Amino acid sequence: MDLQSLKQRFGIIGTSEALNRALEVAVKVAPTDLSVLVTGESGTGKEFFPQVIHAYSSRKHNQYIAVNCGAIPEGTIDSELFTGASEARKGYFEEADGGTIFLDEVAELPHSTQVRLLRVLQTGEFMRVGSSKIQKTNVRVVAATNISLQEAISAGRFREDLYYRLNTVPIEVPPLRER
C-alpha cells in the first residue's frame, strides 16, 4: 500500500511517523470486523480514518454512515440510532446493516444510549425505541473522540465496559502541528 496515494485519495495532510503509523493501522484493521477507537485533538482529521477503514474493508460496497453524536440532542439520539417502533424510517444501525457506522464525538452519548450501543457491540442486537422486538444488525463500529475517555470514565460520564468494546483497536491521530 502506497501511503502517499492513500493520503491524496482521502485528503490527509502530513508526513510524520505517527501519522503514517496511524494510517497503516487503519489499513491493517480494515479487513477485520474489530471495533476501532480514533482519538486525537479537534481538527486533526479523525473523520478520515473511518472512511479509510470502510474503503479497504469487505463492507466497502455497503452503507457508510457518519453520525456526530454531539450534534444530536440527548432526547432524540436513541431515535436517530435505533428508531421508534411505529416509525417507517430506519435508524442508523438498521441503515448501516452490512456496512460501517462512524460515531464521532462518542463521549457525548448519554448513558442510556451507551447501554444500547454496548448491546449492539456485544450481540449485534438492538430493540427499536418503544418496541419489544429484537432486531439483528451486522455493523462495524468506528468511534472517535477528542476527549480522554479514561477521564470521562473516572468522572462517571462514560461506561468503562463500552470503552473497552470500542477500543479494540486504538488509533491515535497526531495533531497537525506535529506533522
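**Exercise 1. At what angle do the axes of helix α1 (residues 3-10) and helix α2 (residues 17-29) cross, and within what distance do they come?**

Keep in mind that this is a predicted model.

Step 1. Start with the geometry: the two axes cross at roughly 85 degrees and come within 11 Å.

Step 2. Now put a word to that angle. Values from 65 to 115 degrees count as roughly perpendicular, so α1 is roughly perpendicular to α2.

Step 3. Look at who does the touching. From α1 come L3, L6 and K7, and from α2 come L19, N20, L23, E24 and V27.

Step 4. Sort those residues by class, and the α1 contact with α2 has 5 nonpolar, 1 polar and 2 charged residues.

**Exercise 2. Describe how α2 packs on helix α3 (residues 48-55).**

Step 1. Two things are needed here: packed helices are described by the angle between their axes and the distance between the axes.

Step 2. For α2 and α3, the angle is about 35 degrees and the axes lie 8 Å apart.

Step 3. Pick out the residues. On the α2 side they are L19, A22, L23, A26, V27 and V29; F49, V52 and I53 meet them from α3.

Step 4. Classify them, and this contact turns out to have 9 nonpolar residues, with no polar and no charged ones.

**Exercise 3. Work out how strand β3 (residues 100-104) sits among its partners.**

Step 1. Take β2 to begin with. It runs parallel to β3, and 5 bridges join the two. A66, for instance, has F102 in β3 as its bridge partner.

Step 2. Move on to strand β6 (residues 140-145), which pairs with β3 over 4 bridges, also in the parallel sense.

Step 3. Check burial. Of the 5 residues of β3, 4 are buried, so the strand is largely enclosed by the rest of the structure.

**Exercise 4. Is I65 buried or exposed, and which residues does I65 contact beyond its neighbours within four places in sequence?**

Step 1. Find the residue: I65 belongs to strand β2 (residues 64-68).

Step 2. Apply the cut-off. Buried means under 20% relative accessible area, and I65 comes in at 12%, so I65 counts as buried.

Step 3. List the contacts, leaving those neighbours aside: Y92, E95, A96, T100, I101 and F102.

Step 4. Finish with a distance. I65 and A26 are 39 residues apart in sequence, and their C-alpha atoms are 17 Å apart in space.

How values were computed:
Residues are numbered from 1 along each chain as its sequence is written. This is a predicted model: local features need pLDDT of at least 70, side-chain atom pairs count only at pLDDT 80 or more; totals for chains, interfaces and linings use all residues. Side-chain values use heavy atoms; hydrogens and water are left out. Buried means under 20% relative accessible area, exposed over 50%, partly exposed in between (1.4 Å probe, protein chains only). Contact means heavy atoms within 4.5 Å. Axes are lines fitted to C-alpha atoms, for helices over the stretch in contact, and angles run from 0 to 180 degrees between N-to-C directions. Angles under 35 degrees count as roughly parallel, over 145 as roughly antiparallel, 65 to 115 as roughly perpendicular and the rest as oblique. Ala, Val, Leu, Ile, Met, Phe, Trp, Tyr, Cys and Pro count as nonpolar, Asp, Glu, Lys and Arg as charged, and the others, Gly among them, as polar. Two strands pair if DSSP finds at least two bridges between them.
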